[in-house]
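Me: Please take a close look at one part of this model. Then set that part against the rest of the chain.

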Amino acid sequence: MQRRKFISKTIQATSLVTMTGIPAFGMGNLNFLNKDLFFKISLAQWSFHNALRAGKMDNLDFAAKARSFDCEGLEYVNQFFMDKAQDKKYLAEMNNRAKSEGVANVLIMIDREGQLADVDSKKRLEAIENHYKWIDAAHFLGCHAIRVNLGGGVEKEEATKAALDSLQQLSDYSQNSGINILVENHGGFSSDGLWLSNIMKNVDRENCGTLPDFGNFCIKKNKERECIEEYDKYKGFAEILPFAKGVSAKAIAFDQDGKETTIDYLKMMKMVKDFGYTGFIGIEYGTTKGNEEEGIKLTRDLLIHAGLQV
């Protein structure tokens with residue numbers, strides 16, 4: 001996708017706002033200055049998890065969908081092609097779809113392959129080996145990374161040792177293929193910014209880093225899946241951002257002006273820019289409620305607006 005062409009498409013919308021006084025958010029057009037962004041925009045496939053799970057959308061349609069939102073990159077979720085990791089014909093078709101739409105394959109988010117911080121060495125080794133095929137798949141697709149989770153820990157000290165061992169083994173395996181191993185703040189100890197930053201300081205692998213998510217700082221939930229212990233999202237984000245090789249722009253809910261009600265996007269984007277990050281930022285509309293396409297549009301517009309304001 002030609003980014004300058006994408007940005008110039010919104011000049012008329014900007015002029016319209018200036019002349020009419022119509023608010024920027026909620027008008028259905030992007031309103032930002034005629035200048036380039038300091039980052040590239042990708043789309044996390046999780047944004048379509050309702051449609052994919054319901055069979056209303058197929059994994060192979062993802063590239064075209066992302067392109068329709070003017071996104072430049074694709075962040076896949078392995079759950080939506082779980083049995084295709086070693087199917088080269090299928091992966092080749094994924095490559096063809098991405099190429100035909102002019103979008104880049106960025107990463108694969110890995111779930112349901114075991115707990116990488118499990119103290120049980122046998123279970124953890126199985127989880128590590130389960131990830132190998134996804135590293136190979138990411139390499140085949142031309143991605144730069146896979147995203148992993150550090151779940152399974154009970155005691156912090158034991159979880160730290162287990163997580164470090166898992167990340168080192170995965171990083172060593174993926175080194176020759178040029179794939180980065182990225183840890184997302186994704187619940188449990190990984191949503192503790194200090195804990196995860198300590199992991200990164202000690203992992204001692206160039207191709208291991210973080211995928212900081214604007215949200216996902218809930219450490220503990222109750223039986224109703226409500227958060228009962230949450231880490232300060234801005235403190236946590238700042239702690240894991242120095243190790244970032246990707247960034248995830250989470251959005252859950254919007255007000256009538258199109259602003260995210262749970263996250264200060266300006267504050268988050270200022271940290272990203274001040275850190276000097278210039279890679280992909282992935283749109284992730286993360287709720288099970290609401291219209292997914294509308295949520296993606298609102299997240300994209302807010303991300304661009306905030307990115308140009310900082």
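The request and its answer follow. Where does Asp 192 lie, is it buried or exposed, and which residues does it touch?

Reply: This is a predicted model, with residues numbered from 1 along each chain as its sequence is written. Local features need pLDDT of at least 70, side-chain atom pairs count only at pLDDT 80 or more, totals for chains, interfaces and linings use all residues, and side-chain values use heavy atoms, without hydrogens or water.

Start with the location. Asp 192 sits in the loop between E5 and H8. Helices here are DSSP runs of H or I with at least four residues, strands are E runs of at least two, and both are numbered from the N terminus. The relative accessibility of Asp 192 is 9%, so Asp 192 counts as buried. The cut-offs are under 20% relative accessible area for buried, over 50% for exposed and in between for partly exposed (1.4 Å probe, protein chains only).

Next, its partner. Asp 192 and Lys 156 form a salt bridge through their side chains, with N to O at 2.8 Å. The term asks for a side-chain nitrogen of Lys or Arg within 4 Å of a carboxyl oxygen of Asp or Glu. Asp 192 is buried at 9%, whereas Lys 156 is partly exposed at 40%. The side chains of Asp 192 and Lys 156 also make a polar contact at 2.8 Å. That means N or O atoms within 3.5 Å, one able to donate a hydrogen and the other to accept it; residues adjacent in sequence count only through side-chain atoms.

Now the neighbours. Setting aside residues up to four places away in sequence, Asp 192 touches Lys 156, Ile 219 and Tyr 231. Contact means heavy atoms within 4.5 Å.

Beyond four places in sequence, its contacts are Leu 116, Ile 128, His 131, Tyr 132, Ile 135, Val 148 and Ile 181. The C-alpha atoms of Leu 170 and Cys 208 are 8.9 Å apart, across 38 residues of sequence.

Other charged pairs give context. In general, side chains of opposite charge can pair when their charged atoms come close. The whole structure holds 17 salt bridges. One joins Lys 270 to Asp 274, with the closest N and O atoms 2.7 Å apart. Both lie in helix H10 (residues 265–275), 4 residues apart, so about one helical turn separates Lys 270 from Asp 274. Lys 270 is partly exposed at 46%, and Asp 274 is exposed at 54%. Another salt bridge joins Lys 84 to Asp 87, whose closest N and O atoms are 4.0 Å apart. Lys 84 is partly exposed at 24%; Asp 87 is partly exposed at 28%. Salt bridges also link Asp 61, Glu 93 and Arg 97 in a network.

Then the open space. The largest pocket has a volume of about 1500 Å³. Its lining counts 45 residues, and His 186, Asn 216, Cys 218, Lys 221 and Arg 225 lie nearest the centre. Strand E7 (218–221) and strand E8 (227–230) are the elements giving two or more residues to that lining. E7 gives the most, with 4 residues. A pocket is an open set of 1 Å grid points where a 1.4 Å probe fits, with protein on both sides within 12 Å along at least five of seven lines; lining residues have an atom within 4 Å of a point. Points join across faces, edges and corners, and the volume is that of probe spheres set on them.

One more helix residue: His 305 is in helix H11 (residues 292–309). His 305 is partly exposed at 21%. Its C-alpha is 9.2 Å from that of Tyr 265, 40 residues away in sequence.

Last, the whole chain. It has 11 helices and 10 strands. Of its 310 residues, 52% count as buried. Among contacts with a separation of 6 or more, 77% join residues 24 or more positions apart. The chain exposes about 14400 Å², with 47% supplied by carbon and sulfur atoms. Such areas use the Shrake-Rupley method with a 1.4 Å probe.
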